[in-house]
Amino acid sequence: MTLRHLTVFITVVDHASSITRAAEVLHVAQPSVSQTIVELEQYYKIKLFDRLNRRLYLTPEGKKLLGYARHLVGSFNELDLLMKTVSEVLPLRIGASFTAGTILLPGILKEYQPHAASVSVFNTHIIEKMILESSLDIAVVEGRIGSPDILQFPVIRDELVFAASPAYCIPENPVFILRESGSGTRELSDAMIAESFAEADLPEKWVVANTQTIIALVKAGLGMTVISYYLIQQEIKKGQLRLYIPPRQIARNMRQRIFHLVYHKDKFIDSRMDAFVKCCETLR
């Protein structure tokens, strides 16, 4: 079993489990791709794909191998690129969830200079997936990371609050303008709304993926939101937004969350990552 076997396997999976499309991408004959998959299955004595009606479907065993294969091939490609460009400075691939990116990342990157970096900002669920697939080296997130393969280190504590425009007359069942599912903020928002408005009808919810757009819509009086206090401090000082105390008190531990620094447990901590970690530690 070689890295070529794993590369071919990943390519098949990433192209709709199609031997034909994988062969085109790899510029090899279809029988070569098929034989490579067969060799992997024989080596591990498992079935990687179910073959039904001329189509391939990834088996549970195949899914298990896929996670390790991505990590191994990603690490090798990183090593290969590093050694081929040893005289150059590789940018650290940094990820951030939306709220963490707005609150934490500017200050961290200011301290991280003059090191080179590339930054990707998505919701926590996507950031977790990118770390597992070795598309990112390190990230800061506010949401919950579920994978046991990702290490998490606390950076700072944050608190979510209910906020609305002073002009918005909050009805018994207000309109909520919230982040999309998969974001760390949305997970806590739903819990806070359920706790605070338990005896009311289920509030109407607008879903918006951009935090600044949510703030603009709430300022316009189109509804209220649950948001990090850090993000609306200026709006509150200017009187553009106000905090709302819900009809039912919420436990402090439900309102609070911790921003975490995260990376894969098998990730090699080189000088670039070590410098980034130290920048995060200064925020604690």
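I count a residue as buried when its relative accessible area is under 20%, and I keep in mind throughout that this is a predicted model.

**Entry 1, helix H9.** With that cut-off I went through helix H9 (residues 211-219) and found Thr 211, Ile 214, Ile 215 and Val 218 buried. Looking down the axis of H9, I see these buried residues fall within an arc of 100 degrees, so they line one face of the helix. I then asked what covers the buried residues of H9, and the cover includes helix H5 (98-103), E6, strand E7 (176-178), strand E9 (224-228) and helix H10 (233-237). At the start of H9, I noted that a side-chain oxygen of Asn 210 comes to within 2.9 Å of the backbone nitrogen of Gln 212, and after the helix I came to Gly 221, which has a positive phi near 80 degrees.

I looked up the largest nonpolar core, which has 21 residues, and the members that touch the most others are Leu 92, Ile 108, Ile 138, Val 140, Leu 261 and Phe 276. Among the elements that each supply at least two residues of this core are strand E3 (92-96), strand E6 (150-164), strand E11 (256-264) and helix H12 (271-281), and H12 gives the most, with 6 residues. I followed Leu 92 and, leaving aside neighbours within four places in sequence, listed its contacts, including Tyr 112, Ala 116, Ile 138, Met 273 and Phe 276. I also recorded a second, separate core of 19 residues, which includes Ile 37, Phe 49, Leu 66 and Val 73.

Is His 71 buried or exposed? I found His 71 in helix H4 (residues 60-84), and because its relative accessible area is 12%, His 71 is buried. Not counting residues up to four places away in sequence, I noted that His 71 touches His 264 and Asp 266.

I checked the span of helix H8 (residues 184-196), whose 13 residues reach 19 Å from the first C-alpha to the last, close to the 18 Å expected. The buried residues of H8 include Arg 186, Ser 189, Met 192 and Ile 193.

Key:
Residues are numbered from 1 along each chain as its sequence is written. This is a predicted model: local features need pLDDT of at least 70, side-chain atom pairs count only at pLDDT 80 or more; totals for chains, interfaces and linings use all residues. Side-chain values use heavy atoms; hydrogens and water are left out. A nonpolar core is a set of buried Ala, Val, Leu, Ile, Met, Phe, Trp, Tyr and Cys residues joined through side-chain atoms within 4.5 Å. Buried means under 20% relative accessible area, exposed over 50%, partly exposed in between (1.4 Å probe, protein chains only). Helices (H or I, at least four residues) and strands (E, at least two) are DSSP runs, numbered from the N terminus. Contact means heavy atoms within 4.5 Å. The expected span of a helix is 1.5 Å times one less than its number of residues. The arc is that of the directions from the helix axis to the C-beta atoms. A polar contact is a pair of N or O atoms within 3.5 Å; within protein, one must be able to donate a hydrogen and the other to accept it, and residues adjacent in sequence count only if both atoms are side-chain atoms.
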